[in-house]
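Thanks for asking me to look this one over. My notes follow as numbered points, beginning with a strand pair and ending with the hairpins.

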Amino acid sequence: MGKPTGFLEFTRELPEKRKKEERVKDYNEIEKTFSTELAEKQAARCMNCGVPFCHNGCPLGNIIPEFNDAVYAQDWALAYEILASTNNFPEFTGRICPAPCESSCVLGINKPPVTIEAIERYIIETAFEKGYVQPNLPKFRTGKKVAVIGSGPAGLAAAAQLNKAGHLVTVFERADAVGGLLRYGIPDFKLDKKVIDRRVEVMEAEGITFKTNANVGVNVRTKALLEEFDAVVLSGGSTVARDLPIPGRNLKGIYPAMEFLSQQNKRVANRPVAVDHRGVNYENGELLATGKNVIVIGGGDTGSDCVGTSNRHGANSVTQIELMPMPPKERAESTPWPHWPMMLRTSTSHEEGCNRHWAIQTKEFVGDENGNLKAIKLVDLEWKVENGRSIFVEVAGSEREIPCELALLAMGFLHPQQEGMLNELGVEYDERGNVKAQNYQTNNVKVFAAGDMRRGQSLVVWAISEGREAARAVDEYLMGHSELEAKAVSMLNAQKFDFA
Ligand SMILES: Cc1cc2nc3c(=O)[nH]c(=O)nc-3n(C[C@H](O)[C@H](O)[C@H](O)COP(=O)(O)OP(=O)(O)OC[C@H]3O[C@@H](n4cnc5c(N)ncnc54)[C@H](O)[C@@H]3O)c2cc1C
Ligand code: SF4
């Protein structure tokens with residue numbers, strides 16, 4: 001423990017954020033990295049608990065008290081070594097993780113928790129700056145070849161670990177750039193894409209091959225992969241979005257959130273904007289919120305990303321609506337410490353300006369004579385518990401229309417795309433339509449699955465964890481044993497965090 005009285009002397013401080021008025025004019029990252037002084041002070045708040053619940057709350061089992069101690073001792077190399085031993089990509093989680101570790105930090109019982117996520121970002125940025133992050137080539141090659149399909153955080157983590165074990169890894173990605181939702185989902189103002197490029201360069205130097213515009217099941221033959229490779233890891237994400245089939249759905253002006261968000265990321269990257277992963281032009285062309293009344297349907301974080309992007313486009317108004325009732329402002333009684341708290345969350349995008357409404361149902365999309373969306377018909381809901389089940393009824397007389405020229409559907413994802421690659425492989429699905437895989441292995445012994453494709457829509461930290469675990473399972477399958485790190489099993493890790 002660096003400073004025994006640290007948690008009594010110092011209060012929790014968060015990284016500096018750029019001013020709202022300035023940041024809505026661009027797509028640069030909002031949050032800054034801690035200064036050295038602040039990182040040390042915040043690390044000093046860690047009590048190095050005998051039973052560190054933070055470590056347990058992290059899906060990666062990050063060894064948090066030890067890296068906090070090393071930061072306080074100004075031993076950056078050691079801090080990096082500890083962090084990198086459980087997390088391949090702290091530069092992603094240090095920026096965009098909702099930090100379940102902080103929700104379970106012991107200090108959080110009666111004080112604000114340790115700023116673990118910001119310290120993580122500080123460690124990895126310092127490590128890159130000081131040149132500690134170097135390509136780490138495996139000491140020997142096994143001669144085994146593994147194909148990883150999908151280059152999101154799950155695929156990247158699996159590739160990094162399998163390469164470390166000495167296997168020759170090729171990553172197939174159908175998009176024109178590597179990164180999955182890190183690249184073409186999460187906005188640049190939350191995660192600068194240079195951060196992905198910097199990591200991919202290290203991975204390439206370590207011997208991993210990346211093939212982009214390689215759509216398995218379309219321009220890469222699925223069966224050929226089974227013949228050419230000794231094992232295959234499926235990490236294609238959960239891509240089938242939930243729709244809203246109500247009257248007026250066919251009007252112009254109603255789009256899935258992902259179409260809107262990925263277009264903006266491409267615009268920032270100076271890549272062709274209105275083209276999907278197959279290189280096919282979007283039917284609706286470029287989507288812009290400029291001058292429009294935008295309604296984001298879905299109160300989760302994908303919706304919040306649409307809010308931030310719409311404000312940057314210069315929307316006339318931005319409203320986010322949600323079917324469920326408003327969560328409590330403080331941690332709900334049903335989710336006491338050290339559980340992930342069910343509570344109201346206000347993102348940086350909400351801070352920038354947005355009307356937020358809960359317990360609302362969308363009844364109908366209303367169009368003009370040219371088939372363009374002009375309004376949305378809504379109704380308030382009253383939620384109640386009947387026979388132990390939550391149900392809702394419409395509030396009589398609350399039906400109304402509000403002007404809207406752009407509606408973005410952000411109601412989560414159902415499961416991975418099954419037609420094409422997955423059906424050709426003949427993998428089984430679970431009851432939710434995700435790829436079924438016991439210990440990450442599917443019904444085809446050569447084929448493994450990880451990330452949202454196996455788990456359903458989730459978080460980056462879970463995708464990294466799944467990629468690492470799947471790599472270990474593949475290594476055991478190929479070699480009979482594995483020396484890749486195993487994750488500590490945790491009760492809290494069993495919690496499910498959704499990212500709708
Ligand atoms: C808008 C949005 C914002 C989010 N923000 C956050 C956040 O702030 N923090 C957080 O923790 N989580 C966030 N999430 C969730 C997080 O991004 C996902 O849980 C995570 O990216 C899943 O990783 P993955 O590797 O399993 O899949 P993905 O990231 O979805 O990557 C899958 C990749 O596989 C490729 N692919 C699919 N099929 C094929 C094929 N047949 N051939 C070749 N390639 C294929 C896809 O093109 C894609 O690139 C967000 C999600 C969304 C939608
Ligand atoms: S639970 Fe909090 S105070 Fe305790 S070791 Fe972890 S970060 Fe430090």
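1. In which sense do β6 and β14 pair, and over how many bridges? β6 and β14 (residues 406-409) are parallel, with 3 bridges between them; within this pair, proline 256 has leucine 409 of β14 as its bridge partner. Strands count as paired if DSSP finds at least two bridges between them, and the elements themselves are DSSP runs numbered from the N terminus, helices being H or I with at least four residues and strands E with at least two.

2. A word on conventions: this is a predicted model, in which local features need pLDDT of at least 70 and side-chain atom pairs count only at pLDDT 80 or more, while totals for chains, interfaces and linings use all residues. Residues are numbered from 1 along each chain as its sequence is written, chains are lettered from A and ligands numbered from 1 in the order in which they are written, and side-chain values use heavy atoms, with hydrogens and water left out.

3. The pair in point 1 belongs to an open sheet of 5 strands with parallel pairing, ordered β6-β14-β7-β8-β9. Its edge strands, β6 (254-256) and β9 (355-357), each pair on one side only. From one strand to the next the twist averages 20 degrees; angles run from 0 to 180 degrees between N-to-C directions, with axes fitted as lines to C-alpha atoms, for helices over the stretch in contact.

4. Two helices deserve a look here. α14 packs on the sheet and touches β6 and β14, its direction making about 75 degrees with that of β6; contact here means heavy atoms within 4.5 Å. α15 lies across β7 (293-297), β8 (317-321) and β14, and runs at about 175 degrees to β8.

5. Another open sheet has 5 strands in the order β3-β2-β1-β4-β16, and the pairing is parallel. Because β3 (209-211) and β16 (447-449) each have a single partner strand, one side of each is left without a neighbour in the sheet. The twist of this sheet averages 20 degrees from one strand to the next. Within it, β1 (residues 145-149) and β2 (residues 168-172) pair over 5 bridges, and isoleucine 149 is partnered by phenylalanine 172.

6. Now the ligand. Ligand 1 has 35 residues around it, of which Ile96, Ala154, Glu173, Asp452 and Val460 come nearest; a residue is near if one of its heavy atoms lies within 4 Å. The shell divides into 18 nonpolar, 12 polar and 5 charged residues, where Ala, Val, Leu, Ile, Met, Phe, Trp, Tyr, Cys and Pro count as nonpolar, Asp, Glu, Lys and Arg as charged, and the others, Gly among them, as polar.

7. For your scoring eye: a backbone N or O atom of aspartate 452 lies 2.8 Å from an oxygen atom of ligand 1. A polar backbone atom of leucine 459 is 3.4 Å from an oxygen atom of ligand 1. The protein covers 95% of the 1000 Å² of accessible area that ligand 1 has on its own, computed by the Shrake-Rupley method with a 1.4 Å probe. The elements giving two or more residues to the shell are α10 (153-164), α14 (257-268), α15 (301-313) and α19 (460-479).

8. Finally, the hairpins. β10 (residues 360-367) and β11 (residues 373-386) pair in the antiparallel sense over 7 bridges, and glycine 371 in their turn has a positive phi of about 80 degrees. β11 also runs antiparallel to β12 (residues 389-394), joined by 6 bridges; in that hairpin, asparagine 387 takes a positive phi near 50 degrees.

Methods
A polar contact is a pair of N or O atoms within 3.5 Å; within protein, one must be able to donate a hydrogen and the other to accept it, and residues adjacent in sequence count only if both atoms are side-chain atoms.
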